[in-house]
Amino acid sequence: MKNKKILLLGSTGQLGWEAHRHLIGFSEVVALDTPEIDFTKPEQLIETISSIRPDLIFNAVAYTAVDLAEEKIDLANQINAITPGKIGDYCQRTQTPLIHFSTDYVFDGKKGIDYTELDSPNPLNQYGRSKLLGEQLVAESGCLHWILRTSWVYSNREGGFLQKALQWARHNQEVRIVDDQIGNPTWCRALANGVSILLAQNLTDWTRFFEETQGLYHLAGWGNSSRFEWMQQIVDISRDNHNLQVKNLVPVKTSEFPAPAERPTHSALNCNKFENTFQLKLPDWRLALRMVMEEIK
Ligand SMILES: NC(=O)c1ccc[n+]([C@@H]2O[C@H](COP(=O)([O-])OP(=O)(O)OC[C@H]3O[C@@H](n4cnc5c(N)ncnc54)[C@H](OP(=O)(O)O)[C@@H]3O)[C@@H](O)[C@H]2O)c1
């Protein structure tokens, strides 16, 4: 019997699309994205949420264009911070648990090893600053919440890293790829699955569950990787199946590819707190990559 209602915001994004397919297994789901909702119009959004009266809100909406955010500072702040803060206020008033996602880009990457939740953020770019402000406003709203920081979220969609990597490897004998950015490749399906398992297991009393567990967690593909290693794995897994031309992968430094937004070097996340709290971790990133690539064979 499905007697709980989840409001999923951002249902056509990478994470939202996967979350929808997992959440409908155990709950009613109202799944919304643009144009039905617009995070630049928070009053209208809160009216929509109030009319739905969800038992839980899963916010997968974000302004994720890292380079464009350098120019569109107000827009990034509105979507990633101000409006999530208003959703937090609604959730506080109505005792509705809120699941909100953030990023490894809240860190400057200078620590040199994986970051825990106790490390101080210091974002290097506007996207990271907007996501950090979002974390703060959600937490300050006083609502029951999880803020889940994740890293290098990918799917097999056109335009994402995986498909781009395959294109580069199909059309070039040599591919240059940075080896000084380290993160956790996170398959959006594994992330959606991990969160959904916990919600399903605790379906009878989400309020109590969030009272006991609320807070900030790192949740990403297990293990860290450089962009170079990630590319290398993609090529190794697909060598026999995707008509690759590539013979030579060349590790290079980020400075070879100047971009408007500065990226942290080592921003990988240590996910032990999530594992210790929930006895759950996402699959090793290499294993997840194999699973995704099964689908594009
Ligand atoms: N992608 C990554 O590498 C990465 C890394 C670390 C953390 N994260 C975090 O993980 C979460 C999920 O990311 P993702 O990769 O799934 O993002 P995504 O694929 O870019 O999806 C974002 C969603 O937000 C929607 N959206 C954007 N502007 C909106 C607006 N004004 N009003 C309503 N909806 C709007 C988009 O809809 P339209 O497509 O219609 O615009 C899209 O459905 C986010 O919190 C993100 O910050 C992502």
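Start with helix 8, residues 227-238. Helices here are DSSP runs of H or I with at least four residues, strands are E runs of at least two, and both are numbered from the N terminus. Helix 8 has 12 residues, so at 1.5 Å a residue it should span 16 Å. The expected span is 1.5 Å times one less than the number of residues. The end C-alpha atoms of helix 8 are 17 Å apart, which agrees.

Two housekeeping points. This is a predicted model: local features need pLDDT of at least 70, side-chain atom pairs count only at pLDDT 80 or more, and totals for chains, interfaces and linings use all residues. Residues are numbered from 1 along each chain as its sequence is written, and side-chain values use heavy atoms, with hydrogens and water left out.

Back to helix 8. Which of its residues are buried? Arg227, Phe228, Trp230, Met231, Ile234, Val235, Ile237 and Ser238. Buried means under 20% relative accessible area, exposed means over 50%, and partly exposed is in between, with a 1.4 Å probe and protein chains only. Take isoleucine 237: its relative accessible area is 7%, so it counts as buried. Its C-alpha atom is separated by 36 Å from that of serine 130, 107 residues apart along the chain.

What do the buried residues of helix 8 pack against? Strand 6 (153-154), helix 5 (161-171), strand 7 (174-178), strand 11 (225-226), strand 12 (248-252) and helix 10 (285-295). Contact means heavy atoms within 4.5 Å.

Two strands pair if DSSP finds at least two bridges between them. Strand 1 (residues 5-9) is joined to strand 2 by 5 bridges, and the two run parallel. Isoleucine 6 faces valine 29 of strand 2 there.

Next, the ligand. A polar side-chain atom of threonine 34 lies 2.3 Å from a ligand oxygen. Polar backbone atoms also take part: glycine 13 has one 3.0 Å from a ligand oxygen, and so does valine 153, at 3.0 Å.

Last, some backbone geometry. The peptide bond from threonine 34 to proline 35 is cis, with omega near 0 degrees. Proline 35 sits in the loop between strand 2 and helix 2 (42-52). Glutamine 95, in the loop between helix 3 and strand 4, has phi near 60 degrees. Tryptophan 152 has a positive phi of about 45 degrees. Is tryptophan 152 buried or exposed? Buried, at 8% relative accessibility, whereas glutamine 95 is partly exposed at 43%.

Technical notes. Polar contact = N/O pair within 3.5 Å; in protein donor to acceptor, adjacent residues only side chain to side chain.
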